[in-house]
Amino acid sequence: MRWRRRRRPSAGKLEGLVNFRDLGGLPAAGGTVRPGVLFRSDSLAYATPADAQHLVRGLGVSTVIDLRGEYEVEQLGRGPLAGARVEYYSAPIADVSGAEDLVGHYVAMLTEKGPVLAGTVRHLACAGTLPAVFHCEAGCDRTGVLAAVVLGLLGVPEEAIAADYAATAAAMPTIHERVAVVVDRLGLPPRPVSLPMWEPEAQLMTRMLDLVRERWGDMEGWAREYGLTPGELSALRASLVTPLPAPAAC
């Protein structure tokens, strides 16, 4: 797993965000994912003022992509970045059909929210959007699906995509505590005590990617079905991939 050693170091200590990371450093087709331009996170509503300052002034974030539903945003807020001079891009991918398992839920996002996800990819390819951070509530499910879409389109190996998804496991104790508070705040039915606390495992993302391959051939096939053009995908790759150096002339 040589890609692990090429990962960019931590984007810095944050006080309120527990599932924030730079996607830079992962191997991609023809190079590596450019560091410092695309971040994934748990909800920025948990950011402290110091976190917001670090994101904007330290990391240069210019776009926040919010994958939460409108009701979540209304009830839980946007945190201190709501007042920052950054673009706010709403891309809600909540409220999809029920599924038998989590993998089916992820595939439902790809199908039912395909236009929203494709529009988000298109926006990431636009000049001036980066650096960007995208998030949902926990930074795991909806954020994990968008990460898989973008990384897949960049040619990141599936095992690296799955490992990045599983990296959220370290934040799950805090996330589970937050979920209990959010459920109570939004008046949702409590989680049955008989259900175990789930953890994001690499095999869940691997199974989703298997289903993508069965249905669309690959992530680029998914992108074509939802209207992304070769030019838009080329622009995305140009923005997010650092090419390998050209071989030295003999």
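A: R213 counts as partly exposed, because its relative accessibility is 37%; by definition, buried means under 20% relative accessible area, exposed means over 50%, and partly exposed lies in between, for a 1.4 Å probe and protein chains only. The model is a predicted one, in which local features need pLDDT of at least 70 and side-chain atom pairs count only at pLDDT 80 or more, while totals for chains, interfaces and linings use all residues. Residues are numbered from 1 along each chain as its sequence is written, and side-chain values use heavy atoms, with hydrogens and water left out.

The side chain of R213 meets that of E158 in a salt bridge, with 2.4 Å from N to O. R213 belongs to helix α8 (residues 202-216) and E158 to helix α6, so this pair ties together parts that are 55 residues apart in sequence. A salt bridge here is a side-chain nitrogen of Lys or Arg within 4 Å of a carboxyl oxygen of Asp or Glu. Helices (H or I, at least four residues) and strands (E, at least two) are DSSP runs, numbered from the N terminus. E158 has a relative accessible area of 32% and is therefore partly exposed.

R213 also forms a salt bridge with D210, whose closest approach is again given between N and O atoms, at 2.4 Å. D210, with a relative accessible area of 27%, is partly exposed. Both R213 and D210 lie in helix α8, three residues apart, which is about one turn of the helix.

Other salt bridges can now be placed beside these. The structure holds 10 of them. In one, the side chains of R237 and E220 meet at 3.2 Å, N to O. Since R237 lies in helix α10 (residues 230-240) and E220 in helix α9 (residues 219-225), the pair ties together parts that are 17 residues apart in sequence. R237 is partly exposed at a relative accessible area of 27%, and E220 is partly exposed at 32%. Elsewhere, salt bridges link R21, R40 and D164 in a network.

Two strands are said to pair if DSSP finds at least two bridges between them. β1 pairs with β4 (residues 38-41) in the antiparallel sense over two bridges, and D22 stands opposite F39 in β4. β4 and β7 run parallel and are joined by four bridges, and in β7 the bridge partner of F39 is V133.

A search of the whole structure finds three aromatic pairs. One of them is edge-to-face, because the rings of Y106 and Y165 have centres 6.0 Å apart and planes at 80°. Y106 lies in helix α3 (residues 102-112) and Y165 in helix α6 (residues 158-166), so the pair ties together parts 59 residues apart in sequence. W222 and Y226 form a tilted pair, 5.4 Å centre to centre with 40° between the planes, and both residues are buried. For such pairs, rings of Phe, Tyr and Trp (its six-membered ring) must have centres within 6.5 Å; planes under 30 degrees apart count as stacked, over 60 as edge-to-face and the rest as tilted. Y106 counts as buried because its relative accessibility is 0%, and Y165 counts as buried at 1%.

Rings also meet charges. The charged end of R78 sits over the ring of Y88, 3.7 Å from its centre, and that of R178 sits over the ring of Y46, 3.8 Å from its centre. This description requires NZ of Lys or CZ of Arg to be within 6 Å of the ring centre and within 35 degrees of the ring normal.
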